[in-house]
Amino acid sequence: MARAASTATATAPRGGLDRFFGISDRGSSVSREIRGGLVTFFSMCYIVVLNPLIIGTVPDSTGQYLGGGAEPNLPAVAAGTALIAGLLSIVMGTWAKFPLALAAGLGLNAYVAYSVVPLPGMTWGGAMGLVLLEGVIILLLVLTGFRKAVFDAVPPFLKTAIAVGIGLFIAFLGLYNAKFVTTATGTPVQLGNDGSLTGWPTFVFVTGLLLMFVLWVRKVPGAILISIVFATVLAIVLESVMKLGAFAPAGPEGEGNPGGWAMNVPSISEFPIQAPDFATLFTVDPIGGITAAGAIGATVIVFSLLLADFFDTMGTMVGVASGAGLVDETGDIPRSQRILVVDSVGAIAGGLGGVSSNTSFVESTSGVAEGARTGLSSVVVGVAFLLTTFLSPLVALVPYEAATPALVMVGFLMMTQVTDIDFTDVEIAVPAFLTIILMPFAYSITVGMGAGFIMFVLIRVIRGRAKDVHWLMYLVAVLFVVYFLRGGIESLLL
């Protein structure tokens with residue numbers, strides 16, 4: 001009887017979702033994919049709040065804010081941010097079938113807001129037009145196979161170093177966003193707000209992190225999601241009793257609120273359902289952007305956006321695939337061409353949506369740690385973002401302190417791959433070391449990758465092994481040199 005039951009189970013027909021996403025083929029289940037998608041969403045939903053604060057609060061050279069008007073229109077920027085992120089994540093899940101979610105890219109949005117929009121004659125429509133052009137160019141690089149060829153030319157050890165570096169980067173991101181570590185005056189960073197752990201928000205973060213590790217060690221399914229929900233409930237209770245409010249740095253006169261919540265205050269102050277305002281959509285003017293910046297200036301801007309977008313995505317894709325066990329023995333990733341196409345379309349969609357270039361989010365690794373292995377998790381993320389266009393007050397219930405322990409946990413899991421790097425070989429050790437440490441220290445995935453690529457080529461050349469380096473690695477190394485010097489170049493040309 002037992003054998004018959006086992007045989008019946010093994011030959012049982014697979015459901016439509018299972019067949020479409022290949023869930024069983026990747027050793028996952030529908031419930032794991034849903035949990036993983038929710039964890040990814042909670043880890044990155046801060047972008048709905050943060051992106052408006054970056055691009056929605058800066059007027060263009062004419063005094064107009066994004067979405068139109070002489071005053072910031074943050075609800076419209078938030079709605080547009082959630083809409084574009086939701087649509088792109090669903091496309092990634094259903095077409096590329098990969099557990100990777102997209103949203104407005106941090107760093108890229110700041111560059112547009114603080115370096116492009118203030119240029120004389122530049123409007124928000126013109127700036128988004130340049131973002132659109134960058135997306136079109138990077139899509140052409142994908143369709144011609146160039147982007148995939150660069151990925152294939154990267155040595156396997158560098159791909160591993162990229163994954164490890166991303167692990168350290170997102171762990172630091174989690175610690176910093178939760179104010180577990182902060183900037184200091186005598187040292188670059190410090191523990192807590194004053195060199196020690198104080199405040200109820202920090203208590204929520206530590207409690208969530210400890211619970212997450214305990215559940216993970218005990219192999220409890222849904223450990224990350226359970227911890228996020230528990231920490232959020234704890235935060236809501238504390239806020240309702242203590243009235244902690246939003247974080248504000250302490251000033252010389254004792255002002256500020258260093259014991260407040262880092263981003264979202266976990267309380268509902270308005271009706272949780274609101275009609276979205278999509279005023280940022282289609283506010284795009286490529287011709288106006290080129291005219292304002294000039295041909296040379298527009299070229300520099302588009303190139304800067306393109307290079308950061310190009311390599312950030314490559315690193316994120318490697319990190320997610322490594323965590324999910326989706327890298328084959330040759331270092332390739334299934335459907336990598338489709339993944340890169342969707343990511344490239346993200347820049348186009350971000351420009352058309354008026355919310356800056358959208359790119360793959362490294363926080364997707366948190367969903368992978370929860371068990372996500374297929375595109376179904378990305379669809380879950382996308383649906384959650386679409387609902388967020390109506391439910392932004394509910395998203396604001398989850399503070400950084402409740403969500404960011406997942407990033408620290410994922411950082412640990414990705415860091416374990418460091419044992420696959422041969423640090424006894426100097427040609428491997430030095431590039432890998434620079435790749436790993438510069439991602440968190442420079443607060444940039446692209447910087448870490450660039451340093452590793454340049455050093456890999458340089459060491460091979462000085463050791464007489466120039467012929468062993470793929471020609472694309474030479475090209476990429478030169479492009480990274482230009483990228484690192486772009487500040488000086490822009491000051492000369494703009």
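These entries record what I looked up in a predicted model.

**Entry 1. Ground rules.** I noted that residues are numbered from 1 along each chain as its sequence is written, and that side-chain values use heavy atoms, with hydrogens and water left out. In this predicted model, local features need pLDDT of at least 70 and side-chain atom pairs count only at pLDDT 80 or more, whereas totals for chains, interfaces and linings use all residues.

**Entry 2. The largest pocket.** I looked up the largest pocket and found about 700 Å³ of space in it. On a 1 Å grid over the protein atoms alone, a pocket is an open set of points where a 1.4 Å probe fits, with protein on both sides within 12 Å along at least five of seven lines. Its volume is the space filled by probe spheres set on the points, which are joined across faces, edges and corners.

The lining of the largest pocket (residues with an atom within 4 Å of a point) has 31 residues, and G105, L106, G107, L108 and D312 lie nearest the centre. I sorted the lining by class: 18 residues are nonpolar, 10 polar and three charged. Here Ala, Val, Leu, Ile, Met, Phe, Trp, Tyr, Cys and Pro count as nonpolar, Asp, Glu, Lys and Arg as charged, and the others, Gly among them, as polar.

Helices (H or I, at least four residues) and strands (E, at least two) are DSSP runs, numbered from the N terminus. Among the elements that each supply at least two lining residues are α4 (47-55), α6 (108-116) and β4 (358-360). Helix α12 gives the most, with five residues.

**Entry 3. Residue P52.** I found P52 in helix α4. P52 counts as buried because its relative accessible area is 4%, and buried means under 20%, exposed over 50%, partly exposed in between (1.4 Å probe, protein chains only). Leaving aside neighbours within four places in sequence, P52 is in contact (heavy atoms within 4.5 Å) with I47, T57, L74, V77 and A78.

Entry 4. I compared the length of α10 (residues 200-217) with expectation: at 1.5 Å a residue its 18 residues should span 26 Å, and its end C-alpha atoms are 26 Å apart, which agrees. The expected span is 1.5 Å times one less than the number of residues. The buried residues of α10 include P201, F205 and M212, and the buried residues pack against α9, α11 (223-242), α17 (400-403) and α18 (405-415).

G199 lies in the loop between β3 (189-191) and α10; its relative accessibility is 38%, so I recorded G199 as partly exposed. Just after α10, K219 takes a positive phi of about 60°.
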